[in-house]
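This report covers a helix packing and the aromatic pairs of one model.

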Amino acid sequence: MEFGVSPLRPALLAIDLHRGHLDLSVATMPTSAECAARVLAANARLMGWCRTAGIPVIHMLTCYNDAAEIRANPYWSAAAEKPGNTRRNAMRHNLKGGPGVQVMPEVYDARDFVVDTKKRYDCFIATDLDFLLRTHGINALLITGVNTNSCVLATTIAASVRDYAAIVVEDCVDTMDTPDLHTAALACIRTAFGTVLTTDAIMSGALGKENFHDTAA
């Protein structure tokens with residue numbers, strides 16, 4: 001399979017696999033219980049394989065110093081109180097020091113990188129993610145996490161326009177919104193911004209031995 005870069009030097013970029021979405025006892029913007037269980041199991045499987053293969057795992061973690069950082073986004077501020085809005089708790093989501101601001105233990109390993117300054121859907125905005133990737137020679141991202149139709153989509157676009165090869169892992173992304181938005185986001189990605197693969201395909205060699213660079217070397 002052709003990704004446009006050779007040799008391929010990937011990292012796994014896990015977006016917002018934190019308690020604020022996936023631990024329903026404390027989550028301010030929860031997925032369903034079924035979604036949380038499914039996405040955590042899929043990510044744990046892929047991350048285990050990546051660590052063995054020498055592929056770095058990077059956790060992107062949303063964390064706000066205060067509600068003013070959230071309220072500065074006009075749409076979030078305007079839509080926060082709309083009935084039925086899945087983001088109605090936006091103004092208290094993942095505030096610094098709160099229980100939501102922790103990577104879920106099912107997917108964390110002490111060898112992983114954690115970037116905990118994410119404040120917008122695009123993981124590159126106001127973080128040192130690009131610096132981390134460039135200094136470690138990364139040219140491709142295996143993108144996982146939640147939500148497919150917001151942070152995953154925005155970050156895939158941002159990676160693509162920065163000339164990273166963007167590979168979204170279909171079974172490792174999901175959303176707290178409706179399934180049709182998950183499907184639509186993947187369709188947008190396939191059309192213009194990156195490749196969509198399954199964990200099985202990746203573990204079966206879709207990254208290609210001929211251009212795969214062991215990042216642990």
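The model is predicted, so local features need pLDDT of at least 70 and side-chain atom pairs count only at pLDDT 80 or more, while totals for chains, interfaces and linings use all residues. Residues are numbered from 1 along each chain as its sequence is written, and side-chain values use heavy atoms, without hydrogens and water.

Helix H2 (residues 33–53) packs with helix H8 (residues 199–206) at an angle of about 20°, and their axes are 10 Å apart. This makes H2 roughly parallel to H8 (angles under 35 degrees). In H2, Arg45, Leu46 and Trp49 meet Thr199, Asp200, Ile202 and Met203 of H8 (contact means heavy atoms within 4.5 Å). By class, the contact of H2 with H8 has 4 nonpolar, 1 polar and 2 charged residues.

The whole structure holds 2 aromatic pairs (ring centres within 6.5 Å, taking the six-membered ring of Trp; planes under 30 degrees apart are stacked, over 60 edge-to-face, the rest tilted).

| Pair | Type | Centre to centre | Between planes |
|---|---|---|---|
| Tryptophan 76 and tyrosine 121 | edge-to-face | 5.2 Å | 70° |
| Phenylalanine 124 and tyrosine 164 | stacked | 5.9 Å | 25° |

Tryptophan 76 lies in helix H4 (residues 74–79) and tyrosine 121 in the loop between strand S3 (113–118) and helix H5 (129–135), 45 residues apart. Tryptophan 76 is buried at 9% relative accessibility, whereas tyrosine 121 is partly exposed at 28% (buried is under 20% relative accessible area, exposed over 50%, partly exposed in between, with a 1.4 Å probe and protein chains only).

Phenylalanine 124 is in the loop between S3 and H5, and tyrosine 164 in the loop between helix H6 (148–161) and strand S5 (165–174), so this pair ties together parts 40 residues apart in sequence. Phenylalanine 124 is buried at 6% relative accessibility, and tyrosine 164 is buried with a relative accessible area of 5%.

How values were computed:
Axes are lines fitted to C-alpha atoms, for helices over the stretch in contact, and angles run from 0 to 180 degrees between N-to-C directions. Helices (H or I, at least four residues) and strands (E, at least two) are DSSP runs, numbered from the N terminus. Angles under 35 degrees count as roughly parallel, over 145 as roughly antiparallel, 65 to 115 as roughly perpendicular and the rest as oblique. Ala, Val, Leu, Ile, Met, Phe, Trp, Tyr, Cys and Pro count as nonpolar, Asp, Glu, Lys and Arg as charged, and the others, Gly among them, as polar.
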